Amino acid sequence: MRTRWRYAVCLGLLLLGAACLARGGWIFGKAAVAQVLLRRAWSATRAGDARVRPWPWADTWPVARLLSPARHVDLVVLEGATGSSTAFGPGHILGTPLPGTGGNVALAAHRDTHFRFLRDVTPGEALYVELPDGRVQRYAVQSARVVDERDTRLLQTPGTWLTLVTCYPFDAAVPGGPLRYVVQARPT
Amino acid sequence: MKLEVLIGSVSLLWPLWASAAPSPTARPPLPATTASSLDDAAPLNDEAPCDDVQAGALLLYGEDEGRAVLAPQLSQRVELRVTGLIARARVVQSFENQSDDVVHAVYTFPLPETAAVDGLRLAVGERRIVGEIRERAAAQRSFEEASQQGHKASLVEQQRPNLFSTRVANIGPHETVEVELSYQQDVSYDSGTFALEFPATLTPRYAPADAPEALDGVTPPFSIEDGPTLSLSLTLDAGVPLQRIASSSHALKVVRPSTTGPVSVSLARGEVLADRDVRLEWTPAPDSAPRSALFEEQFGGERYALLMLLPPDPGLDPEGRLPRETTFIIDTSGSMSGTSIEQARLSLESGLAALRPVDRFNVIQFDDSASAFFPGPVPATPEHVQRAVRRLRQLEADGGTEMLAALDLAFDVAPASEVLSQVVFVTDGSVGNEADVFRFIEGNLGPRRLFTVGIGSAPNQYFMRSAARLGRGTFTAVSDSGEVGARMQALWTKLDAPLLRQVDVDFGGDGRAEVLPARVPDLYRGEPLVVVAKLGAAGPDVRVRGQRAGHAFDAQLPLGAGAGASRELGIHRLWARRQIEDLMDRVIVGDSEEQIRPRVTALALQHRLLSQYTSLVAVDPARTVAGPGQDVAVPNALPAGNTMFGNMPQTATPAPLYLILGAVSVACAWAVRPRRRRAFGVTARAR
């Protein structure tokens, strides 16, 4: 009797554990695999096509590529920083200028996946943005700040900037916290 | 769960580490916790020790040195005085430099878009310096000169018709400098209620990516949960007994010495954060509401008049009512997020409910692009209305403000004849390329009428009033959810039946009277006709004519009866302000600025008015301040309820949570795993 009960609990917990691990892993897997698929859409964008949807039902398209060779970061940036696009790559925050048009370009991505590297970036470090026309803009990291999510002033910084937004703290288990880690870089 | 989850608001300082340990793979020390305010995030720079930071103060960063400069604390005192239909305002902006440096403050602020700014005084201690009106470039030169010589100086410029900036040079450490502005505006009147607004802050603007230069000088910094403060007093001499004085934005303290004499009104809470516009309303006792009013004045050898006329309601004949074809446009851009989108939705729902089955309608929503709910206007059957309401409830505010796309879509349908073709535009007007939108409306309006509904605590009123003026419609402001119902109902009732169309105002004489607005809009029930005119050799009467489905309207009012002719009312300034506005509209819709500029400059100098081409400047040559100053922008308070771009995006996945839960579950499974029967059995028997 008791043994059967234990079997049931153990099996239940194992299934639950497996499901959780699978879901967690799926998030990482999706983030990694999507970037591979996005590379093709980016090539088409570089070849002159506009709004190349990486898969037929996608509601977003690549707008730039973000690189940090020192950190082995190479990401295709999608239009819109909504939940549906940031699952696959960094998203360009709507309302800020598009990469390559000057002004303060803001990108957001998940702290667990694509923008995990932000916690390690150091002042002066170089970041590169490749534009659809092939131009590459070099940026140097200037600042990193922790701000409240309601404080969107940094998205309005006058002048030409690259602003990268991710969640803070990096290692918090529960998502949806009120803090954001904002790295700003200036063209060099 | 990690410790960091428990840490509230923190600032991360890694500059010290950055210079000491340049290894790129090392992890920054996490996290050096400092004072915990939103604004305390420190720049990543060695020269910015956290001692620089004070709670609640906005930090600004010098372009190159990255040194934090504290913005001066700004408090504003507003004194309004209303005589009949004209309001005179005195705004004292008091800049207190709380830092140890000499600063030059820049403050960008809105004023009512009908405000005719005509006075500037600079007050330092006991000294008062009266400002002069100069051509813009000349004013700038004398300000810069004074600034460089260490003199105190102030320059007030008009950036846009409703957007101004004050610059104050050389505010010494811990010194307070007061800048006093005075202006005049007309009081609005609608359906028996007079209203006056004082705009307190700006709506952060969005400009399309291809028009970045449009944003020059109009994106001042914003601060959250603090900012300039405001106190306000109103002396109200309405000229008629009042039934009610109220404000939909602030609690008021009202003191009435007598039933007919002037009334003193102030904000009940005294000094408040300037995060929402102040809206004051008063209603005359029944039967004493004016049917008409005519004021006259002499200035510079010319006669000026202000006329308000409320046409009698001929009684609406339901048989004669024309069907409507109404296109609702709803702004779902990022600046509308928060309570604004909720108000917009409520407004539209009430509009849909007011339609009758003979009417046709469509709904267009826009952010980065525009889309219509239906392929074309559909009859307002209950099914269609319900479908529209369902879709409205799903709308979310996100993205940019591509207004033109929406208007393009709305104006795409050719208006049918014998139909009132109306476009109702619900927005906060947070747009940078106003000129393009105006040009589009002017060029494509046809027989349509454009009505704007301003949403939020600080809508861009200039944009919405101008759009409505060019669209020959009206502007309705809705500032809080509580009043959406009443205000929108008034608009829908209005839209149902214009009282007077093709209105013409004739001052007689040689016909040379310059009447403004030149293109009088349709009149709706409860709405007066208000015009200002430079009379020239006017005749003895004013004649107002108009049309309404079969009725002809014709009214006459005697001129010269205004006994107030000797009193300085400032009608000439209101006229000049409108004339300037008219001329500037010409530039917007395509006339050459080279032709318009000298005419505006001449008018502004003659009437001593601030304009896009003339500025007010005051210099105190007596005192000098030592040391070079720092330029500092004074932030505006973020409008209440507005969250600018909305919040920052959500950027954490639940992946770690799942992994932890998964690991814990597996560990638990391991803990409760069934042991070998024998070992287990022994234990069980022992019990």
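Let's start with helix 11 of chain B, residues 593-606. At 1.5 Å a residue, its 14 residues should span 20 Å, and its end C-alpha atoms are 20 Å apart, so the two agree. The expected span here is 1.5 Å times one less than the number of residues. Helices are DSSP runs of H or I with at least four residues, strands are runs of E with at least two, and both are numbered from the N terminus. Just past helix 11 of chain B sits B:Arg608, with a positive phi of about 55°.

A word on the source. This is a predicted model, where local features need pLDDT of at least 70 and side-chain atom pairs count only at pLDDT 80 or more, while totals for chains, interfaces and linings use all residues. Residues are numbered from 1 along each chain as its sequence is written, and chains are lettered from A and ligands numbered from 1 in the order in which they are written.

Now a sheet in chain B. Which order do its strands take? The order is 8-36-9-10-5-37: six strands, an open sheet, mixed pairing. Two strands pair if DSSP finds at least two bridges between them. Strand 8 (132-135) and strand 37 (630-634) of chain B are at the edges; each has a single partner strand, so one side of each has no neighbour in the sheet.

Look inside the sheet. Strand 5 (residues 103-110) and strand 10 (residues 163-171) of chain B run antiparallel, joined by seven bridges. There, B:Thr108 has B:Ser165 in strand 10 as its bridge partner.

Last, chain A. Chain A has two helices and eight strands. Along the sequence, the pattern is α-β-β-α-β-β-β-β-β-β.
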